[in-house]
Each structure stands twice: as C-alpha cells, then as structure tokens.
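Thanks for coming, everyone. I'll walk you through one structure today. Please have a look at it before I start.

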Amino acid sequence: MEPHENTGHPRRWAILGVLVISLLVVVLDNTILNVALRTLADPVHGLGASQGELEWAINSYTLVFAGLLFTFGVLGDRLGRKRFLMVGLALFGLASLLSAYAQDPGQLIATRALMGVGGAAIMPVTLSIISNVFDPRERAKAIGIWAGAVGLAVAIGPVLGGALLEHYWWGSVFLINVPVVVLGVVLVAALVPESRDPKPGRVDLLGVLLSVVGLVALTYGIIDGGEHGFGRLPVWAAIGGGLAVLAWFVAHELRSDHPSLDVRLFRVPRFAAPVALVGLVFFAAMGVMFFGAFYLQLVRGYSPLESGLLFLPFAAAQLIFAPRSAAMVRRYGGRAVAAVGLLLTAAALGAFVLIDADTPIWIFSALGFVQGAGMANIMPPATESIMSALPREKAGVGSAVSNTVRQVAGALGVAVLGSVLSAVYRDHVTPTLAGLPTPAHEAARESISGAYAVAERLGPAAPRLIAAANDSFVVAMHWAAGISALVAALGIVIVLRWMPGRPVLVTETRPATERELAGTP
C-alpha cells in the first residue's frame with residue numbers, strides 16, 4: 001500500500017493517450033521527411049532540391065521550433081496548456097497542407113518553418129501536462145511511455161512515408177498529417193483539462209529573439225560551409241556572429257529578473273547532465289538518420305518503402321525498451337542505466353564505420369536495433385531528471401529546455417555531419433569527374449543525388465560515375481559515423497562524472513533544494 005494519496009488526475013492515462021497522438025504528428029513528420037529526401041531531390045518526381053536545400057527543409061522546421069520553445073513553454077504555463085496544444089495542432093495541420101502543395105524548395109522551406117511554429121506550441125505542453133496530471137511517483141513511467149511513443153512514430157513514419165511515395169506524389173507525406181491533427185484536436189477538446197501557472201511572470205522577449213537569431217546564424221554558417229566550402233569569409237561571419245549572439249543571450253539571461261531560460265540551472269548536476277546527454281545523443285542520431293536514408297535508397301538501391309522497413313528495428317527497440325526504463329532506473333539508478341544506454345549507442349554508431357556498399361543489409365538493421373535500445377535507456381531517465389528539477393507549475397520551462405536542446409542538437413547534427421558528408425564526398429569524387437561537361441561536373445560533385453541525376457544522361461559512362469559516387473559517399477559516411485560515435489562516447493564521460501545515481505522525488509508543492517538537485521543526501 002502506498003503511504004501517500006495519489007495526486008494524479010482521474011483520467012490521467014487516457015490523457016496520456018491523447019498526448020501521445022499529439023506527439024505522433026510532430027515526430028511522424030520528421031521521420032517521413034527523411035524517407036522522402038531522395039524524391040524531393042529528383043527534378044522530375046520531386047522539387048529538384050539540392051543537398052543544402054534538403055538540410056534546410058529539415059532545419060527550417062527545427063530552428064523555428066527550437067527558437068519558439070522558450071516562449072511557448074512559458075506562454076503555455078501562463079495562458080493555458082490545453083489552449084496552446086489545440087492552437088498548435090491546428091496550425092501544424094494548416095502548414096502541413098501548404099507543404100503538400102509547395103511548388104519549389106523555397107516554398108517548402110517556408111511552410112516547414114510554419115510547421116515549426118505549430119510544433120513549438122505542441123511539444124512543450126505535452127510534457128508539462130504529463131507533469132501536472134500525474135503523481136510524481138508515476139511520472140517516470142508516464143514519461144517512459146511518452147518517449148516510447150517517439151519510437152512508435154519513428155516506426156510508423158518511414159514505412160508510411162515509403163508506402164505513400166510508392167503510390168502517390170511526394171506531397172502525400174505531408175497531407176497525411178491532416179487527419180491525425182483533426183483527431184488530436186477532437187480528443188484534446190474532450191479529455192484534456194486546462195492548467196496554467198497560478199503565478200506567471202513576464203515573457204523574456206529579448207532572450208527569445210537572441211536565441212533565434214544566434215541559432216539560425218550558427219547553423220546557416222555550418223550548412224553553407226558544408227555545401228560551398230569553409231574557406232570563405234561569409235561562412236565564418238555567420239558562425240562567429242551566431243556564437244556571439246548566443247553568448248549575449250547567456251549574459252542577458254543571467255542579468256534578467258524574468259529569464260526565458262534560467263541558465264543558473266545548468267550549475268546543478270541533476271539538471272545539467274541530462275540536458276547535455278539529450279543534446280549529444282540527438283546530435284549523433286539525427287546525422288546518422290540523415291545519411292542512412294541516402295545510403296539505403298541510392299547506394300543500396302532500396303525503394304522508400306523498403307528503406308522505411310529497414311529502419312523498423314531501431315524504432316521497435318525504442319518502443320520495447322523506453323516504457324521499461326523507469327523500472328530499470330528504480331533498480332539500478334539513472335547513472336548506470338544511462339551509461340549502458342550510451343555505451344550501446346556509441347558502439348552501434350561506431351560500427352557503421354564498417355558498413356560498405358556490399359555489407360549484408362541485416363547488419364544495418366541490427367545496428368539500428370542496438371542504437372534504438374541504447375537511446376531508449378537514455379532519453380526517459382534524462383527527461384524525468386530534467387522535469388523533476390522544477391515544480392509542477394513551472395513544468396513548461398523544463399519541457400522547453402529538454403525539447404529545445406533535443407531539436408537544436410538534432411539540427412546541428414544534420415548540419416555538422418551533413419557538412420562533413422558533403423566535404424569528404426566532394427574531395428573523393430572530384431578526381432573521377434574529369435571529362436564531364438561543366439554543368440554535369442558541378443552537379444555530380446555537389447552530392448550523390450546529383451551524380452545519379454547526371455548518370456541517367458551519360459549512357460555507357462553511367463556505371464563508372466555511379467560506382468565512383470557510391471565509393472565516395474561510403475567513405476564520407478564512415479567519417480560522419482565515426483564523429484557520431486565519438487560524440488556519443490563523450491556522453492559516457494558526462495554520465496559517470498556528473499549524473500546522480502538515484503532519483504530524488506520532487507513533489508508538486510516545492511522545487512528541489514540545491515542539495516537534492518545535486519543528488520546529495
């Protein structure tokens with residue numbers, strides 16, 4: 001028998017199901033888009049997007065999303081979380097409809113940014129509603145299920161996207177969001193209770209603006225450098241300017257009496273260590289997902305649907321292990337569970353260095369399963385540690401931090417590892433392109449997708465170009481995978497050095513003390 005009365009909402013498990021549906025629409029979109037990258041690069045069946053434009057189709061969403069999470073996390077606490085969830089779902093559905101009928105890459109990038117606005121209203125309130133409707137003793141289990149839903153969306157997204165691309169035009173991968181949004185809005189209206197912070201503070205408009213400007217400038221510089229080379233002044237001006245603005249953001253938050261992000265929380269190990277883990281893991285994982293789609297569909301020649309099925313083991317591992325992570329943490333402690341998860345993740349990423357154009361494809365999927373199992377034992381305990389560092393009425397702040405770090409790190413992972421991929425590919429493929437006409441030479445040098453497009457018009461010379469492009473891409477993939485593994489391995493050091501071993505229960509009545517947050521008795 002529990003010594004204390006359960007303070008959770010009577011319909012909390014049904015509410016969690018509604019929140020999972022709301023979460024699915026956000027995660028589905030990104031996983032579906034990964035499968036559609038090759039089609040979008042096709043000038044006939046897609047939009048003829050370059051590799052840089054494909055990265056921006058991903059990053060325009062994630063950067064807007066991350067930049068607005070600070071504001072929307074606070075506004076959701078202030079104005080009502082249910083209201084923000086419904087508005088976010090409606091806006092996300094409208095932007096999905098516009099994305100489906102985009103006429104060129106520029107329009108798609110713009111509508112994806114609008115989807116980011118909707119996603120920024122959805123994601124933080126799902127976690128903050130969980131914190132408000134669940135008793136702290138059940139919260140870890142609920143967050144594990146929430147994290148498992150990410151795995152479910154990862155599983156559904158590539159398969160659903162591949163099936164749609166085999167039977168319909170590329171816009172169908174965005175149009176599929178609309179019925180999910182409609183269902184979500186109906187269920188949220190019927191089941192989710194309204195909640196808000198009874199003592200809201202002012203919104204830090206300058207802090208939000210600085211974070212958006214800094215992140216956009218930094219990531220733009222990285223993407224532009226990867227596509228056109230880092231030996232140019234505008235690239236380093238963007239990178240340096242972005243870092244300077246982010247430093248200004250930190251200084252402003254330290255001085256502000258109503259910061260959008262209380263950066264002093266990062267002095268607390270129980271908060272800072274899991275935030276760092278979330279960032280490192282998603283930096284590594286999103287870069288691998290990005291090059292994995294090209295490897296399967298171009299180098300290995302699988303259809304979008306087949307590629308989606310090959311990602312299923314990764315998603316299945318998340319779905320199986322994430323809901324069980326809370327029990328593992330209770331038994332072994334968060335430090336041990338996260339360290340083992342990181343070890344599995346780093347090992348799987350490092351093993352991708354051994355994958356080449358002839359590797360049995362089951363090995364690719366097996367490594368995905370190992371990586372998924374590792375991440376499933378990192379994200380739930382890290383998220384629970386972040387959320388429990390704050391009282392219920394400030395749940396939006398913890399949710400905003402967790403999701404902002406995840407999205408920004410994912411965007412930077414795609415940008416940095418995409419830049420490495422592009423640079424190494426160009427260095428290796430350029431010597432094999434002698435004799436090609438200038439337009440064909442530039443297209444084949446830009447990306448493996450461009451090389452395949454050129455090969456379709458070369459006739460007897462096509463197999464030689466395709467072989468050179470495949471070899472160059474595999475070498476570039478090895479470099480990106482190796483960097484991903486090192487980034488994940490860095491997380492092991494952080495866990496062993498700073499992450500507390502046992503969770504500290506934080507009730508809804510007060511925040512943790514400094515000693516509790518530090519994990520000391």
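Let's begin with Gly 106, which sits in helix α4. This is a predicted model, by the way. Is Gly 106 buried, exposed or partly exposed? Its relative accessible area is 46%, so Gly 106 counts as partly exposed. Now look across from there to Ala 57. Gly 106 and Ala 57 are 49 residues apart in sequence. In space, their C-alpha atoms are 8.7 Å apart.

Helix α4 covers residues 105–133, and Val 125 belongs to it. Val 125 has a relative accessibility of 2%. The cut-off for buried is under 20%, so Val 125, at 2%, is buried. What does Val 125 touch, leaving aside neighbours within four places in sequence? The contacts are Gly 76, Arg 81, Phe 84 and Leu 85. Lys 82 gives us a distance to go with that. Between Val 125 and Lys 82 there are 7.7 Å, C-alpha to C-alpha, and the two are 43 residues apart in sequence.

Let me step back to the whole chain. How many helices and how many strands does the protein chain have? The count is 21 helices and 0 strands. The chain has 521 residues, and 59% of them are buried. Next, contacts. Take those between residues at least 6 apart in sequence: 81% of them join residues at least 24 apart. And the surface? The accessible surface of the chain comes to about 19,900 Å². Carbon and sulfur atoms account for 69% of that surface.

First, helix α9, residues 233–255. Helix α9 has 23 residues, and at 1.5 Å a residue they should span 33 Å. Which residues of α9 are buried? They are Val 235, Ala 238, Ile 239, Gly 242, Val 245, Phe 249, His 252 and Glu 253.

The other one is helix α14, residues 334–351. Its 18 residues should span 26 Å at 1.5 Å a residue. The ends are 26 Å apart, C-alpha to C-alpha, so that agrees as well. The buried residues of α14 include Gly 334, Val 337, Gly 341, Leu 342, Thr 345 and Leu 349. Ala 346 is also among the buried residues of α14. What covers them? The cover includes α10, α13, α15, α16 and α20.

Let's follow two of those covering helices. Helix α13 runs over residues 325–332, and Ser 325 lies in it. Ser 325 is at 1% relative accessibility, so Ser 325 counts as buried. Setting aside residues up to four places away in sequence, Ser 325 touches Gly 144, Ala 376, Asn 377, Pro 380 and Pro 381.

Then helix α20, residues 462–498, where we find Val 487. Val 487 has a relative accessible area of 16%, which means it is buried. Val 487 brings us back to Ala 346. Those two are 141 residues apart in sequence, yet 8.0 Å apart in space, C-alpha to C-alpha. Beyond residues up to four places away, Val 487 touches Leu 280, Phe 283 and Ala 284.

Ile 466 is in helix α20 too. Ile 466 has a relative accessibility of 26%, so it counts as partly exposed. Ile 466 is in contact with Tyr 452 and Ala 455, leaving aside neighbours within four places in sequence. Ile 466 and Ala 455 are 11 residues apart in sequence and 6.7 Å apart in space, C-alpha to C-alpha.

Last topic: empty space. Rolling a probe the size of a water molecule over the atoms shows where such space is left. The structure holds 6 cavities of 30 Å³ or more. The lining of the second largest cavity divides into 9 nonpolar residues, 4 polar and no charged.

That's my tour. Over to you.

Note on methods
Residues are numbered from 1 along each chain as its sequence is written. This is a predicted model: local features need pLDDT of at least 70, side-chain atom pairs count only at pLDDT 80 or more; totals for chains, interfaces and linings use all residues. Side-chain values use heavy atoms; hydrogens and water are left out. Helices (H or I, at least four residues) and strands (E, at least two) are DSSP runs, numbered from the N terminus. Buried means under 20% relative accessible area, exposed over 50%, partly exposed in between (1.4 Å probe, protein chains only). Contact means heavy atoms within 4.5 Å. The expected span of a helix is 1.5 Å times one less than its number of residues. On a 1 Å grid over the protein atoms alone, a cavity is a set of points where a 1.4 Å probe fits but cannot get out, and a pocket is an open set with protein on both sides within 12 Å along at least five of seven lines; lining residues have an atom within 4 Å of a point. Grid points are joined across faces, edges and corners, and a volume is the space filled by probe spheres set on the points. Ala, Val, Leu, Ile, Met, Phe, Trp, Tyr, Cys and Pro count as nonpolar, Asp, Glu, Lys and Arg as charged, and the others, Gly among them, as polar. Accessible areas come from the Shrake-Rupley method with a 1.4 Å probe; for residues, only the protein chains shown count as cover.
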